[in-house]
Amino acid sequence: MILGISGDEAVALAAKQCNVDVVAAYPITPQTIIVEKFSEYVANGETQAEYVRVESEHSAMSACVGASARGARTFTATSSQGLMLMHEILYVASGMRLPIVMANVNRAISSPINIHADHADSMAVRDSGWIQLSCVDAQEAYDTTIMAFKIAEETLLPVMVLLDGFVISHTLQNVSTLSDEQILNFIGNERKSENILDPENPKTFGAMVLPDYYSEIKMQQIEAMDESKKVIENTFKEFGDLTGRRYPLVESYKTDDAEHILLCMGSAFGTAKVVVDDMRAEGKKVGVSRVKCYRPFAGNEVREAIKNAKSVGVADRVAPFGSYPPLYLDTKASCDGINLKSFVYGLGGRDVNKDTIKEVFDRLEKGVDEMFVGVRE
Amino acid sequence: MMYEIRFHGRGGQGAVTAAALLCRAGFLAGKKGVQAFPLFGAERRGAPVKAFARIDDEEIVLASQIYEPDYVFVFEEWLIEYAIEGLKKDGWMIINTKKKPEDFDLDCKIATTDATGIALSNNLKVAGFPVINSSILGAFPKVCEEIKLEHITQAIKNYWPGDIGKNNAHACEQAFNATEVKE
Amino acid sequence: MNAGGFNPNLKGLSQQEDLLLPGHRLCAGCSASIVVRQVLKAVRGPTIVVNATGCLEVATTIYPYTSWALPWIHSAFENVAATASGVVAAERAFERKKSEPKSDVIAFGGDGGTYDIGFQALSGALERYDDFLYVLYDNEAYMNTGIQRSGSTPKYAWTTTTPVGSVEAGKMEYKKPIDLIVAAHDIPYVATASPAYWRDLIVKARKGIEVDGPAFLHAISTCDRGWRHDTSDTIEIARLAVETCYFPLFEVENGEFKLTGRSRAIAKRPELKKPVSEFLKPQGRFSHILKNQSMLEEVQENVDRYWERIKKLCGE
Ligand SMILES: Cc1ncc(C[n+]2csc(CCOP(=O)(O)OP(=O)(O)O)c2C)c(N)n1
Ligand code: SF4
Ligand SMILES: [Mg+2]
C-alpha cells in the first residue's frame, strides 16, 4: 500500500508493524510526531504494545534497557538534547547487548538552541556501541526501521536509525508500505532470545567487571560490531529481494568515471543527485556517494566507491572543534592515498540546496581547500 | 515536469496543512512524486510561516527548500512582498482577498479568491480564527491543469473524515467557483 | 496579606517599567507572559533569571532578539533548578570573597521542566536549601513541542500523546500534587497563584524573593493553543480555575498552610464555589468529558476531594 506520510509517521508505523512489545519515549522536536502517532495507536487499540510515557530521555533509555533485558522487542525515538541526556545509558544498552531499536531524528545541539537538522547529535554518540544506519527519505526510514529490528536481534546490538530533522521527519511523501504479515515473516513474529531476565533461568545483567575481564568483554562487543556488517548486508539483501528496494552499505550515483566525488550522509544525497545530473549536462564528470552504514563504518565500501576520483569532498553536517569532523576522519582512516578534502555544511538546518552542493564541486575542481560552505563572513 | 509551490501564511491559518493536502491531492491525481514540508521557526500562533510542496510525474529526490516556485499561495495580502520573492516569471500568485486580480500591480499571473469570507460563511474556525486552507486550495485547479478540483476535495475528505471534511470540501468548491484569474 | 510593607497597587504597577518587553512570540492570549510580567513586578533589586527550555524560553529569545530586560540564562530543559543553584553559589562566593551584595535569582520552569524531566534537579536544589524563587508556570502539558501530556496534565485531558481514542479517552492518570510534594521538602515558602488574581500573585512572588532559602510559586498558566480556548477567554479561565476550586489559592509559610484570596472566601462561603464544568466548558481539550456524564462526575469528585484536602491542611 502507498501512503502519503512523513518520515516520522513512517518510522512510527514501521515500529508498530514490527510488533514491538515496549515503547518508552519522551517528546522532542522534530521526533515528536513519532510519539504522537504511537500514542494514537495505543489510544485506538491499534497496538498491543506497552507505551511508557516517561518523564525524561534518561528514563526513556533506562526503561528500554529494563524492558529489553526482560526480553521485550523494544523501541524508542529521540533527537538532539534527548540523545545527549541518554548518553550514559546508551553504553549500558550496548554493553548489555540489548537489541533496542531507536530512531534518532538528527537535530543540532544547544547552545544556542536550534531545532533543525544537523548530525552533531548522532555523531556525538557514534562510539557508544550502537549500529548507526542513515536514511535519505521517509521511504528509507520506514524500510530501515524494519530492518533494524532484524539486525539488532541477530547481532544483539542496539541499532540507531538516523533521519534528518524536518527534511525527512516532517516531509510528506509517498511511502510504499508492507503488510504486517510480510514484515513479521521477515523479522520474526517476536523476539527470540535466551539472554534475558528470566525467573526460570536467572542471569545477572550489568555485573561489576574488574580489570581481569573488562577487556575481554569489550573485545566481544567489538567483534560483534565488526561481524554485524555481514548481518547488515544480508538483511539489506533479503529486504531487497522482498521489496525490490535495495540498500547498499554505501550508495553511489554516477561515480564510475567521476573525477570529483562528493561523499555525504543523509538527505543531502537526493539534492546532490540532481546537481550531479545538472553538472554532467554541462560536461562535468562528477558523482556522489553516501554512507548508509556509518557504524560499523563501511570503510572498504567507501574506498571502493571513491578510489578512482581525482578528488573527493567529504561533507559533514557537524561543527568540528579543534580537529576534522567525524565522517572525514573515518574516511581518511580507510582511504589512504586518496585525495580527500573536508567540507562542513548545513549546520542547524541551514538548507543544503543545489548551490551548496555546487559550491563543494566547484572547490574540488579548483582545488580550493576551504572547509565551510554556505556560512556568512 | 516538476511543479514547485510555496505557501505563505500565519501560524494557525493552516498553511502547513494546505501544503500537505495539495500533496495528497497530487497523489490522488496519480503523481508519483509528491512532497510537502513546513519551515518551522520557533513561531507561535500569528507569526508568518512558510510551507512547501512539490508535485512531479517522477519520483522526487530533491530535499531542499523551494527558492523559485511556480506557484505561491498568499494567505494574507501583507505577505505578498515575501511571496513574490523568487516566483518564476510566468508563475502564479494565488491571493486570499476580496479584491480582483486587476487590483494588484504585480509582475506575475494572479488568481484571487475570498477564502476568508468563504471559510467564515462555512463556519470553519479554530479558537475563533478562520481556517482558510481548504478554501484557498480551491483556486489551484483554476490555474494548474495537473490537479483537478475533485482531487483536492477528495484529499480534504480523506484528511478530515465526516462532516468536517464535507464542510471543508464544500468551501473548497465555493472558492473554486469564486476564483478570478489574470494571466 | 503583605510582604514586608510591599503593597502593589494598579497605579504604581502601571508606572513601573516592564521587565519582559513586548515583541516576544508567545501566542496572543498566552498566560505565560502575564505570569512572568506579574512576577517581575515583585522584583526588589538586582535579579537574575534562569529559564528552562519551553514555550516561554523559546518564544522570548529568538536570536537576535530578546524580550528580557534582566540578565537571563537558559541551559537546557531538565536542569533549570541546578542551573539556578550554580548562579546562587556564585552569588554566595562573591559575597564571601568580594563582599558583593547578592542578586536575587528567579527560575522559571514549565510543568514539564518541573513535574517531570526537571524534578530531580528541583528536589536536589530544594534539599540543598539554595536561595532562589522557583516559578512554575503550569500550562498542564508540553506546549513547546506541540501539546504532549506531562505529570501535570489533569485526568482525561486531551493531549497529542493522550488522544481521545476508542479505548483510551485522554490522559488516564491524575495530576501530580506538586505543591504538596514541594512543601514536603520543608522549604520556607510555597504558594499557588493565578494571573487572574494579580495582586495575590505579585505579593506571593515578593514573599518568595524575600525569604532566605528556596521558595516555590506555582502559577496556573492558561494556553489557548493547547487548551483549545478563545484567546479572549484567558483571564476568565484563569479565574474559573480558582472559582471552581480546581486550582485553590494557598500558601505554605514555614510549614503552615493558609488559603488566600478568593479561595479563602469560598471556604468561608461555600455557595461561591462553581461547578468544575464551568472551567471545562470553554476548553476544547475537555470537550469529550462534557459529553460523558460519568466522566464529568468523576472529575467533579476529584476536584472536591482535592479541595477538601487543601482546606483541611489550611485548617478551614
Ligand atoms: C532533554 C530534552 N528533552 C526534550 C526536549 C524537548 N522539549 C523542549 S521544551 C519541551 C516541553 C516543555 O514543556 P513545559 O516544561 O511544560 O513548558 P511549556 O512549553 O509547556 O511552556 C520539550 C519536551 C528538550 N529540549 N530537551
Ligand atoms: S503554545 Fe500555549 S504556552 Fe506556548 S506560547 Fe502558545 S499559548 Fe503560550
Ligand atoms: Mg507546559
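Guide: Two strands are said to pair if DSSP finds at least two bridges between them. Please keep in mind that this is a predicted model.

Visitor: What sheet do they form part of, and in what order do the strands come?
Guide: In chain A, five strands make an open sheet with mixed pairing, and the order across the sheet is S9-S11-S10-S13-S14.

Visitor: Which strands stand at the edges?
Guide: Those are S9 (250-253) and S14 (340-344) of chain A, and because each has a single partner strand, one side of each is left without a neighbour in the sheet. From one strand to the next, the twist averages 20 degrees.

Visitor: Which helix lies across S9 of chain A, and at what angle?
Guide: Helix H10 (residues 299-306) of chain A lies across S9, S10, S11, S13 and S14, and runs at about 10 degrees to S9(A). Helix H11 (residues 326-334) of chain A lies across S10, S11, S13 and S14, and runs at about 140 degrees to S13(A).

Visitor: New topic, how much area do chain A and chain C bury between them?
Guide: They bury about 1,600 Å², with 60% of it on carbon and sulfur atoms. On the chain A side, A:Tyr26, A:Ala43 and A:Arg53 lose the most area to chain C, and together they give 31% of what that side buries.

Visitor: What does A:Arg53 form a salt bridge with?
Guide: A:Arg53 forms a salt bridge with C:Glu168, where the closest N and O atoms are 3.8 Å apart, and the rule finds one salt bridge across this interface.

Visitor: Which helix gives the most to that side of chain A?
Guide: Helix H2 (residues 32-43) of chain A does, with seven residues. The residues on the side of chain A that touches chain C divide into nine nonpolar, six polar and five charged.

Visitor: What about chain B and chain C, how many residues are in contact there?
Guide: Seven residues of chain B are in contact with 14 residues of chain C, and the area buried between these two chains is about 840 Å². The count of salt bridges between chain B and chain C is zero.

Key: Residues are numbered from 1 along each chain as its sequence is written. Chains are lettered from A and ligands numbered from 1 in the order in which they are written. This is a predicted model: local features need pLDDT of at least 70, side-chain atom pairs count only at pLDDT 80 or more; totals for chains, interfaces and linings use all residues. Side-chain values use heavy atoms; hydrogens and water are left out. Helices (H or I, at least four residues) and strands (E, at least two) are DSSP runs, numbered from the N terminus. Axes are lines fitted to C-alpha atoms, for helices over the stretch in contact, and angles run from 0 to 180 degrees between N-to-C directions. Contact means heavy atoms within 4.5 Å. Buried area is the accessible area (1.4 Å probe) that two parts lose on being put together, summed over both. A salt bridge is a side-chain nitrogen of Lys or Arg within 4 Å of a carboxyl oxygen of Asp or Glu. Ala, Val, Leu, Ile, Met, Phe, Trp, Tyr, Cys and Pro count as nonpolar, Asp, Glu, Lys and Arg as charged, and the others, Gly among them, as polar.
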